[in-house]
Amino acid sequence: MNAAVGETPPLRVGFIGLGSQGGPMARRIIDAGYPVTLWARRPATLEPFAGTAAKVAGSAAELAAASDLVCLCVVNDDDVEEVVTGEHGVLAGLREGGVIAVHSTVHPGTCRRLADRAAAVGVRLIDAPVSGGGPAAAEGRLLVMAGGEPETVALCRPVFATYGDPVVYLGPLGSGQLTKLLNNLLFTAHLATAASTLALAQALGIDPSRLAGVLSHGSASSYALDRIADAGGTLDRIAFFAAPLLQKDVRLIAGLAAAADAPPGAVLNAADAALALMNHPR
């Protein structure tokens, strides 16, 4: 992506967190022609990018020094904190005016605290968690939920649009994280209701797989139901890879609701039931 004469050059993008979802996101940015720099704590995750135009940095700070926008897609709050504020972290290298976009699903307070640290050195931070998984990222159809200063989100939107559709602006910093946590809370609750419905069908003599096929075409259809059906009709396979992350997110939103004295109602009860079925109680 080369700027024409008189045009603003494209953002230089740094990307950290090249896992099953972050890897395809970074690939979409590279394929769109943005100048991209990568860094990873595990060198093996860089191997798929060996034949691309992306550069590789020796540290998060080195990556940040070569970037205008640094996108983070690491696992949890501690990872985000370490990558941003560590001795050789992003804030040690990002120039004044630079932007950090937190694609990880973390506590909104983590983003606000890091935004304050970033502001002290003239850096902006927004939260932009995503939903959809690796296949959606590879196809450019992730849901991106952004919170922060509108002007900063607008600056980042063309980059987000390489892997996200839609890219939704939700309000002040932390709004994206709250929205993602509510999404995951409801998804977890749907897992419980769908799994228990299929189990009830079995007890009543109805083939669960056939019931799932019927329900997927009716008013009871849901993404959770389809995932359970694809996984053989139970939560066992889903629990193997998703339960720890869903447990983390349900804990986060339950804590936020309690702190705000906001009764979560039936959705939290159903989510707790799903976590119990997956042997990861909140």
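Author: Helix α3 (residues 77-85) packs against helix α4 (residues 108-119) at an angle of about 5°, and their axes lie 11 Å apart. Axes here are lines fitted to C-alpha atoms, for helices over the stretch in contact, and angles run from 0 to 180 degrees between N-to-C directions. That angle makes α3 roughly parallel to α4. The cut-offs are these: under 35 degrees is roughly parallel, over 145 roughly antiparallel, 65 to 115 roughly perpendicular, and the rest oblique. Helices (H or I, at least four residues) and strands (E, at least two) are DSSP runs, numbered from the N terminus.

Now the residues that meet. On the α3 side they are D77, V80, E81, V84 and T85. On the α4 side they are T110, R113, L114 and R117. Contact means heavy atoms within 4.5 Å. By class, this contact has three nonpolar, two polar and four charged residues. Ala, Val, Leu, Ile, Met, Phe, Trp, Tyr, Cys and Pro count as nonpolar, Asp, Glu, Lys and Arg as charged, and the others, Gly among them, as polar.

A word on the source. This is a predicted model: local features need pLDDT of at least 70, side-chain atom pairs count only at pLDDT 80 or more, and totals for chains, interfaces and linings use all residues. Residues are numbered from 1 along each chain as its sequence is written, and side-chain values use heavy atoms, with hydrogens and water left out.

Next, K248. Its place is in helix α10. K248 is buried, at 18% relative accessible area. Buried means under 20%, exposed over 50%, and partly exposed in between (1.4 Å probe, protein chains only). Leaving aside neighbours within four places in sequence, K248 is in contact with V75, N76 and T105.

Helix α10 also matters for the largest pocket: eight residues of the lining come from α10, the largest share. β7 (130-131), α5 (133-138), α7 (175-203), α9 (223-230) and α10 (236-259) each supply at least two lining residues. The lining has 47 residues, and S20, Q21, G133, G134 and L245 lie nearest the pocket centre. By class, that is 20 nonpolar, 17 polar and 10 charged. The volume is about 1,600 Å³. A pocket is an open set of points on a 1 Å grid over the protein atoms alone, where a 1.4 Å probe fits, with protein on both sides within 12 Å along at least five of seven lines; lining residues have an atom within 4 Å of a point. Grid points are joined across faces, edges and corners, and the volume is the space filled by probe spheres set on the points.

Phi of D261 is near 55°, positive in a residue other than glycine. D261 is exposed, at 69% relative accessibility. N279, in the segment after α11, has a positive phi of about 60° and is not a glycine either. N279 is exposed too, at 67%.

Two more spots. A cis peptide bond joins D165 and P166, with omega about 10°. P166 is in strand β9 (residues 164-171). V153 lies in helix α6 (residues 150-160) and is buried, at 1% relative accessible area. Beyond neighbours within four places in sequence, V153 is in contact with I126, A146, G147, G148 and Y169.
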